[in-house]
Amino acid sequence: MLAAVSSAVLTGVEGHPVTVEVHVGTGLPSFAIVGLPDASCRESRDRVRAAVTSCRVQWPSRRITVNLAPSGLRKAGAGLDLAIAVGILAAAEEIPAGSWRDTGFLGELGLDGSVRPVAGTLCLVDAVDQPAVVVADRVASEAALLGRHRVRSVPHLAALVAALRGDGPWPDPPVDRRADPVSIPMPDLAEVRGHELGRRALEVSAAGGHHLLMVGPPGAGKTLLAERLGGLLPDLHPSEALEVTRIHSAAAERDSFAGLVRRPPTRAPHHSASQVALIGGGSQHLRPGEVSLAHRGVLFLDELGEFPATVLDALRTPLEDGVVRIARAELRTTLPARFLLVGAMNPCPCGAAGGPGSCRCSPAQLARYGRRLSGPFLDRFDVRIQLLPPDPALLVDGAPGEATASVAARVAQARARSADRGVEANAALDAPGVDRHAPLDHAAARLAEGALRSGRLSARGYRRVRCVALTLADLDGVDPPIGVEHLAEALVLRTAGVAGDRSAA
Amino acid sequence: MTRNDDDQRRLDALVVMASLEGITPARLRTLATLGDPTAVVDRLARRRLHHGALPRGAVEQWAGQAVDLRRRSLVDEYRAAGVQVVEVAADPRWGAALATLEDPPVVLFCRGEVTALEHRRVAVVGTRAATAYGREVAGSLGRDLAGEGVAVVSGLAKGIDAAAHRGAMVAHHGDGGSAGPPVAVVANGLDIGYPADSRRLQVDIGRCGLLLSEHPLGRRPAPWQFLARNRIIAALAEVVVVVESHERGGALSTAERAAAAGRTVMAVPGPVRSAASAGANALLADGAEVCRHAHDVFVALGLTTSAAAAAADAAVGAPGDLSSTGRVVLDALGWEPATLDQLVLRSALPLATVAVAVEELLSCGAVATSGGFYERAAP
């Protein structure tokens, strides 16, 4: 009496198909699970036994062996509960053979037999080859996002048994009131008064995918601006949306399911976040980190100078490749992590609100602060601006700024122009791409030459500045060659520095 | 035994005393008043020295150190390192130069030309966290003063001090013969290059000017030593000019010591809202003389009587060939550091126009930038 039921487990954001084989044979009554279950998975035994008994089904008092195949893959979590229960009932011939064959089962069981959702349902459903899948009520609509399976949702093991036996109908999927989620109101750029440079920097950053660094004393409005960057980014493409939803589902970020993630996410981890929390990983459950949760969205690191240097340096690979690679002795996986990085920091430990001459830090403090950010890391920021708290008169009397919607329209137009060049955004252009797409006109070339000669601009900086200038031209709807206005603006968008540079006489 | 040998032994003993661990100028003076230095060191080494003003524990420790140090002929070692040892009380030139000090150093270590003492001397001091404005004024003061044969005295610190020294070096290189030598009084041993940014400057001043310290070779800088050093700068200078100083800056202590000694204290006025000029402006409010340019200092020194003619030279005009927007943005900038946002707001021009103007001003040197702030500069 053997049964093999399909299910899946999660590694990172990938689902892996798992076959739950159950053998019910003669011998002293026992219940064993083999096939590399971890502690939480082994606890299934007690949950499954209680759940089955709660459904008034006879627990087979025989020797039960459950094998989770492939046995080389470590299984974590309670997501296999439902499949194990179905397997035992099938092997004990409590449910008719064949009723469960073309179906994958994904769910955790309560002691009373209730079926609970598992994290990463979307990824798990993707790994199920069968044409139908059974999940918990709450995640039915999430499972249906893929559209490849016939999704059945059950609230309780008893209802599932009844349906499989043909004693009752399949429960109707619950009416999901959250299927069309009310969009959460995003903060609008119109609320930002003053900050001409900051607004322009956000626009450029959104349009060109340029990482943004904001330097300024506390209260300058860095967070205010950073929170509004996400609103400028275009909606996610359906394929991107699915990708992002998978990550958020796998990280169990959303307790109640809120449909497809259609807007670019914004993540703002605190500077006390550990490297694993930021990058992803973990010894028990391999969980996506903040960089993956910010995939296709914005990663905002406030107080950049307070993050440990090791954590920041770990960001360099995802910044470069757009993925996090996790390699362990037993598994290897990649997590997508292509995000727009926004950093905010004080110019120095004392905050130096007034610029040069107002800093009261000791040289040793400045040197220590400057060392926090390595040169290669700072190099990733194409746009670096210095912010001061805006003039009080502007806060009181100033007219509201341009609204997010109209800026977002320009951003979309600029992104369309980059798409014609074959890249998602200008920041992705490589060196030959910049040379081909961003030639300078005569006046701009002379300006660039002057900046290079005076040492204000490095050779690497020169390429990035042209890239930003191209984005500025795109925003204004101007075709290359790059004019002097756009190049000058790109140059001033790259001027802020931190403590280390400031000390230069 | 010749008289020279006696002198040498006396100096050796003084250097031994100055090299003891935990010695301060006050303790060194106490030791020096106990009698002939050779005899004092001898008593130290044999643990026969007791004095109420010297902590017993320190004297205990010094005994062992004195035994070790006494074996070496320190003055010869210093001479080999290019450092001269001067007993201030015994040298009439130094005695006169530091006469106003109640607590003069017992010994001075110097490298370079002691003839610097024959020049008129003016101290140019100020904050380490200087603005471009302060550094420029200090630099041109140093250059113009040295150009007229005045020895510019300062402390080699970052910011104003270094700028003043650099200005003086420029004049010195311009016409080596008649320019006043730069004089730097440091708060550490002369072999220690501090601050690191000024290491080259320190070497250059030792070569063509005068480098001074009351600390033996190998002594690292410590906060109290900077304050003690300021009294030497104040005493050496006939006039002390404070270029930029924060509200509680070290330069103010130099000014205070100088005023107490009856020296002329001058201050360079700065923008009233600039934190870096708060101390200098406070000095002016308290009655310090105004220093706009080197000619004001010459008047204070009695070298000239009319500063009016020179006033026009010091005021920095805008470069002649600026575009109209460049001029507007330069006016909007004023004389305090400003961010681009402030420039946009004050000039009421679009960001892109301001950006072009700023790049123009940067390229012609009318404006300098650091860390996202823009400052007016003398072209």
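This is a predicted model: local features need pLDDT of at least 70, side-chain atom pairs count only at pLDDT 80 or more; totals for chains, interfaces and linings use all residues.
Residues are numbered from 1 along each chain as its sequence is written, chains are lettered from A and ligands numbered from 1 in the order in which they are written, and side-chain values use heavy atoms, with hydrogens and water left out.

**Exercise 1. Find Ala201(A) and state whether it is buried or exposed.**

Step 1: Look in helix α7 (residues 196-208) of chain A, where Ala201(A) sits. Helices here are DSSP runs of H or I with at least four residues, and strands are E runs of at least two, numbered from the N terminus.

Step 2: Check the relative accessible area of Ala201(A), which is 0%. Buried means under 20%, exposed over 50% and partly exposed in between (1.4 Å probe, protein chains only), so Ala201(A) is buried.

Step 3: Look for partners beyond four places in sequence: Ala201(A) is in contact with Leu212(A), Val383(A), Ile385(A) and Leu493(A). Contact means heavy atoms within 4.5 Å.

**Exercise 2. Describe the largest nonpolar core.**

Step 1: Recall the term: a nonpolar core is a set of buried Ala, Val, Leu, Ile, Met, Phe, Trp, Tyr and Cys residues joined through side-chain atoms within 4.5 Å.

Step 2: Note that the largest core has 71 residues, and that Ile385(A), Leu493(A) and Leu340(B) are among those with the most contacts inside it.

Step 3: Now find the second, separate core, which has 52 residues, including Val24(A) and Ala83(A).

**Exercise 3. Work out where the largest cavity lies and what lines it.**

Step 1: A cavity is a set of points on a 1 Å grid over the protein atoms alone where a 1.4 Å probe fits but cannot get out; lining residues have an atom within 4 Å of a point.

Step 2: Among the lining residues, pick out Ile23(B), Glu214(B) and Trp224(B).

Terms used
On a 1 Å grid over the protein atoms alone, a cavity is a set of points where a 1.4 Å probe fits but cannot get out, and a pocket is an open set with protein on both sides within 12 Å along at least five of seven lines; lining residues have an atom within 4 Å of a point.
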